[in-house]
Every structure is written in C-alpha cells, then in structure tokens.
Amino acid sequence: MQEQRIMAGWSFYRGVPDRFSTPERTVVDLPHDMQVGLPQSREANAASGFFPGCAGTYEKTLDIPQEWEGEKVFVEFDGVYGNTTVSLNGSRLGFHPYGYTPFVVDLTRRVRFGEPNRLEVAVDNTQAPNCRWYSGAGLYREVKLLHGPLCRIQHRGIFIKTESIDGDTATISAEVRVVNDGALPFHGHVDLTLTAPGGEAAQGRTSVWVEPGETAPARLRLVVQSPQLWDVDTPALYAAEAALTSPGNAAPVDRASTRFGIRTVAVDAVHGLRVNGKTVKLKGGCIHHVTSPLGAADFDCQTRRVLKAHKEAGYNALRLAHNPPSQRFLDLCDEYGLFVIDEAFDGWHIGKTPHGYHQFFDEWWERDVEAFVLRDRNHPSVIIWSIGNEVFERAGTGDGYWVSQRLAEKVRSLDSTRPVLLALCTLWNGLDDQDAQELQRRAGEPLGQNGESSYTNEIWADRTESMASPVDIVGYNYMEDRYLSDHALFPSRVICGTESFPMAIGRVWELVEQCPYVIGDFTWTSADYIGEAGIGAAVYVDPSTPEEELADHNSRPYPWKLAYDADWDILNQPRPQLAYRKIVWGGTETYLAVRDPETYGKKELLSRWAWPQVWNSWTYPGFEGHPIQIDVYSPGDRVELFLNGKSLGAEPVERFTARFETIYQPGVLEAVSYRNGAELSRDRLETAGEPARLVLRPESTEARADGESLLFVLVEFQDAQGRRVPGVRLPLSARVEGAASLLSFASANPLTDENYESGKITSFDGRAMAILRAGHTPGKAVLTLSCPGMEDAKQELFLS
C-alpha cells in the first residue's frame, strides 16, 4: 500500500465533538499533546503530575483523489491517548480505547472520491486516573493515510526472520501476507529484494494464490552472503522490498517495504542472553514515553537526544515501561544500536487505577497484542517481548495463570524468534483473601509499594511459579535478594532485573556479573518524566521531628510534577547518580558529589527511588564557615581531597564512594582517585561568583523547516568570569520571533506548578531550556531570554 503522513494543519478544539455550536478552534501540527499545557490542579492525581484529565477533538480535511476509487483507503494512528473515536464525513467508523497501541481504521465505505472529506478524531481522557503516570492526551504520535488495491500486500504484512548465521552466510526466511478484498481469486507472484547497507544482498520469487475475502502467506527463504550483523556496536540495517505482480501486468499490483537487521537472540540459564552467539549483559534503563517538557508528544529530535545520551553513557538497553513505544522510537533504537524490551501492558483484568485498561482487557487484549507485535517484529532492536508488569494477578488471582499462558502463546504465534518476559515483584498486593488475611496477621499493617515481609517472602516462589512458567524470562522488580535462592529452586529459570532502585546499582551489578542466568538490570528510571510525582524525593527534616510525621514521606503533595528518580533530568542533563552508575559499570572518572550544606545535621528521608541531595558544585553563598559533607564517587581504592591546594587527607573507597567532612570555604575543591598508589583520575570544582549574565547554549543552530524539527537551547547563568553559577533560582521569560515558535520553556525543578507552555519559568540549579518548533517556511528565528536586572540574551537559529 502507499502511505502519506498527515501531520500538519489539523483543526483542534477542547472538548468532545460539539454538534450544536461552533467551538473555538486552533490549528495544530502533530504530534500534539493537549494536556501538558493545562494548569496543574490540586484535585488531580499525583500519578499524573497533578495534571487534570481532558478531552479534545481533531479535524482534518482529506482531499482523496478520484483515481483512488476502487481501492481501499485507511487511516493509521501510531497511538492516540485515549478512548479514541474516528469518524469520516459525520459517520463513526472506529473506536480504540488503549492509548499506546497502533490501530488502523477503514475509511473506504464513507469516502467521497474526488471531494473533500472531513476526518474527525475525538479523544476522551477525562476519566482519570487511568494509568499510574502522566499519559498525555491527543494525537501525540504519527498519523498516516493509506491506500491500495483490493488485492494487495497486507499492511505490516512482511515478516523477516534470521534463521541462522553460519560463517559467511545468513539464512533469511520471509513471509509476505497478501490480502484479497476482491470478488475473484487472485493468482500472482511475490518478488522480494533484500538490500544491504552497501547494495543488493539477495532476491527471491514465489507464487501466491488468494481466495476472495482471504489472506494468504507467500514464503521465501534467501541466503545472504557476507552478512553485516546488527548489534549495539554495529547496527547494520537492511531493507526488504516486496512487489506483488499478476500475470499479464508488467507493473506491480502493489509494493511494500520494511527495514530489518540480521541477528539472532537466544536465552538459557547457562549462557544467559546471547545475541549473534555472544553473551550480553543488559545495562538498562526503564523509561516512560514521557521524557521531556514536551509531554507525550513524540518528536524524533527529542528521541535522538535521549538515545544518544544513553549510548554515550554506556547504556545498551531500554525497557519501554509499561507500554509499547512509538514506531519512530524503535526506528531510532535500530539506528543507534540499543536493545529494547517491548512491553504490552501494566495491568490485565484487575485494575490498578479506577479507569484503567482493565475495563477493556477482555475485549481488546488480543487485538492490541497483535497490533504491536506485527508493527514491531522487524525491528532488530527489539530483543524481548514483555506481556506485563507487576500485574495484580501474579499470585494466581483473577485467572492470572491462564492469562499468562494465553498472552505468551499469542505473542509466540506472531513471532517465535524472541523470548517472552513477564515482570514480577513482591507480593505486596494481589493476594487472595486467605493470604491477605495471613499477611495482615503477621505484619500487622499493609505493605508499602514493592514492600516485603517474612510471609510474602515465604510464599513468593510457590504462588508465582505457575505465573512464570509460560514465559522464557522472568523479570524481577526490586528482588535481587532472590537471585541466588531462586536459582536453587528453579535452576533453568532465566532472570532479568527489570527494575532496581537507583542506589542499589553497586550491589545489583555485582550480582548480575556473578550470576550467568541473570541477563541484566534496568534502573527505575534512566530518564526523568512527568507524573508519579516525587517518588524520587529526598527530604531533610529536623532530627527531633516526631516519627508519626515521617510515616508518609514517600508520598509527595502538590505541586510536585516530576518523578525525579532518574540519571538524566527532564532537560536531558546528567544527574550525580549517572556518574556513580558509570563507575559501577567500569568507568574511571572521579566525581565530586557535594551534599547541600543546608541539609547538614538533618535527618535524611529517602524514598527507595531517591538519590541524596548532592550537587557537582562548590558554590554555596551564605554558608562560609559552616560544616559540609562531601561524597566522592570513585573507581579507586583511596581518594585524597584538596581544598584551595591544601590536602584534607585521604579516605578509603567503600561501594565506590569516599566520604569527607570539612568547613565550607570558597575556592577550589579537588578530589584525586588512586588505585594501588597510582592516580586514576580527578575532579575539580571552583566557586562561582554572583550571576552576571545569561548565556544561551544551543545544541544546534540549524533545523529543517518541516513543522516537526526541534531546536534545543540550554539557558544558564554565568558570573563575570564566565563560570556557570549553579543553584540559581531566578525568573526567566522567553520569546521567539521569525521562522520558529516557542514550543516549551522549562526547568528541571521537580516541585513546581509553572506551565511549560507559558514562556515563563524559574531557573533550577542555574539552568532552564527553551525548545523551539520549526515552522514550514525557511528563514531565521530569534530567541530572546530575559531576566530582571540583566541584559537580554539572544540566539539566532536558521530553518532551511
């Protein structure tokens, strides 16, 4: 089939379709998140970052040519959040409840060929909460118009599999599905061409017979000489193009193409995970689809920034938690060379939120699994399918064992080349009444999220065994303490640490390397996100604070907006915990993590997803002469600390950290790491002066005038000597003139109700970021940043 993206010039208004009046409309380009620009509300849920639910209606005029008459016409959505109704020319043609899976709506019977056609997409995300994080709302991913003949290659109908790699050849099997919506049988041929990065690799042809109203597979087996294998270090991508021909016609009836990689995946408890026959340990991060101030809107430019940062930091894997990502996200993972765990659901029959997907699970799970597997199965980056995360049915309630079997077998029926995973956690919930009563009797009170007790630990293996047996890999969330004991119980079980607490990485990674049956670890999370507000909070209180006032320190109130639990903040700037992780993974850099002197002597309350309040800074005006604590993350066995050239002594390194205490004095702080007496590396911090100017640091000054490209400009305060001034919190405003518009202006502050679309923000740690969206006309854009009492800063940017 032929396809065209329909991303520009949608008419949008807030609310459900209005049939009785003329609502106020705006014109928007996709991708578009209608929720992120709303004001936060105290009445909303912390899981959503205190963003309220909303509804909106999108309309687009489609000029469908007369020459398409006699063909099939479809519209494809890569994901719409959520409860989406699609209509054409006033007639309802489709409904899709799940906000994360792709879906196609057949428009053919309501199309007026050769005339304008009104496509209406009504999105209703008012029933909140419906998931456990900020979902966004609207047409936040790609939309395409598709058309093709009655007898055609099925959409997403090409499946390429690497059967074997043997020396200098690879055997590739291909399935090309042909659908016949005509009135007569179709007899023809399928020609398949495989193209390597440097030219044609192989060709094949086979015949196909398709009865009316049926779909039939055309199967081919091809041999590729001197294959270029896809791996994280060499992400070689091939193209497969299929042509459907019929006797007597020189031109193909239809064409379709896909990208793929030549690689194999295998798992077992002896070798762990093997890609192309080589054992791999997954250095992974969990990420939600929301990793920037853009909300849920899925822009390639933002995805590239996130993937590039992960690769450069040593990550080789991502877990898309807890839903399928966009098509474009996986395209870019293919290109950058990152392994992916592709996850279907956060819940099954038993709901985690009042208005969640559990309401639709029975009717929709099979269609949604099929949609995301068929879309994603040619992506070489996808190495593991996940059928769920911490589902309440994990101890067998709600037909959990049966559902686990059904889901795993459905996935295998669509793709048997990858292992299937299910992520489990402790039995802090999901127990039947008898177990819940025994837990209450023994523990005396309910367990907190991902909590554990002697009773749940005692029954975990027995209650979850039938849940885990249908899958190839069992995901363990925060259960690294079970790695050794569960291997003794289930010696053939392959385990993946699908979630771990940030501060546990030192101990966790030691276990991953020790245990061949544990294939890797995924931190929660690697990139900060909107929602689950404050789960990574570090709180400091007076030591005399009564215990009853400390009980709920894991729950953060309005206006917390961000999770703040990640290696990168919402602006994609690294946080101290990333430096620590890189050392655990074998890095040799030293890192000064200075504890805020304001917290000295206070009681530290860390959520399990938190990192202590430390900064890579030696600028603390007003604290001269006060005691201060310094952590040094080090790959060595000993660290020596210097202040203004004078040694403060040396301390041993324990769990990659050496700890010091001194009196704060401005100047130069330097840490030197040693191993066996030899210097490994050092880190140096210098006290900055008062903020004197704004400096703009664009990541790029040029972009395409395509309506979708983005330009990212980091804003920072500097002193008179040009040093960045950390810790500054001052009001900023941004405006853009010319060929681009200001899409978002944000800081990394997790505790704020400032609106990212207002053009006004307060800096956090001396920084903010302006994100500009390209227009459709080439030219120059000028970004101007203002702060009271300072000279404006300007940056020219160019669209071509």
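The second largest pocket of this structure has a volume of about 1,000 Å³. Of the 44 residues in its lining, Q154, H155, R156, E370 and L374 are the closest to the pocket's centre. The model is predicted.

**Lining of the second largest pocket**
- Strands that each supply at least two lining residues are β5 (72-77), β7 (91-96), β8 (103-106), β11 (151-166), β12 (169-180) and β15 (215-225).
- Helices α3 (361-376) and α4 (400-414) also supply at least two lining residues each.
- The element that gives the most to the lining is β11, with eight residues.
- Sorted by class, the lining holds 19 charged, 16 nonpolar and nine polar residues.

**Helix α8**
- Helix α8 spans residues 505-514, and its buried residues are I505, G506, V508, W509, L511 and V512.
- The cover over these buried residues includes the strands β21 (282-287), β27 (495-500) and β28 (518-524).
- Helices α7 (483-489) and α9 (576-584) are also among the elements that cover the buried residues of α8.

**Residue N276**
- N276 sits in a loop, with β19 (272-275) on one side and β20 (278-280) on the other.
- N276 counts as buried because its relative accessibility is 18%, and the cut-off for buried is under 20%.
- The N276 side chain reaches the backbone oxygen of W230 at 3.1 Å.
- Leaving out residues up to four places away in sequence, N276 touches I165, L229, W230, D231, I262, R263 and T264.

Technical notes
Residues are numbered from 1 along each chain as its sequence is written. This is a predicted model: local features need pLDDT of at least 70, side-chain atom pairs count only at pLDDT 80 or more; totals for chains, interfaces and linings use all residues. Side-chain values use heavy atoms; hydrogens and water are left out. On a 1 Å grid over the protein atoms alone, a cavity is a set of points where a 1.4 Å probe fits but cannot get out, and a pocket is an open set with protein on both sides within 12 Å along at least five of seven lines; lining residues have an atom within 4 Å of a point. Grid points are joined across faces, edges and corners, and a volume is the space filled by probe spheres set on the points. Helices (H or I, at least four residues) and strands (E, at least two) are DSSP runs, numbered from the N terminus. Ala, Val, Leu, Ile, Met, Phe, Trp, Tyr, Cys and Pro count as nonpolar, Asp, Glu, Lys and Arg as charged, and the others, Gly among them, as polar. Buried means under 20% relative accessible area, exposed over 50%, partly exposed in between (1.4 Å probe, protein chains only). Contact means heavy atoms within 4.5 Å. A polar contact is a pair of N or O atoms within 3.5 Å; within protein, one must be able to donate a hydrogen and the other to accept it, and residues adjacent in sequence count only if both atoms are side-chain atoms.
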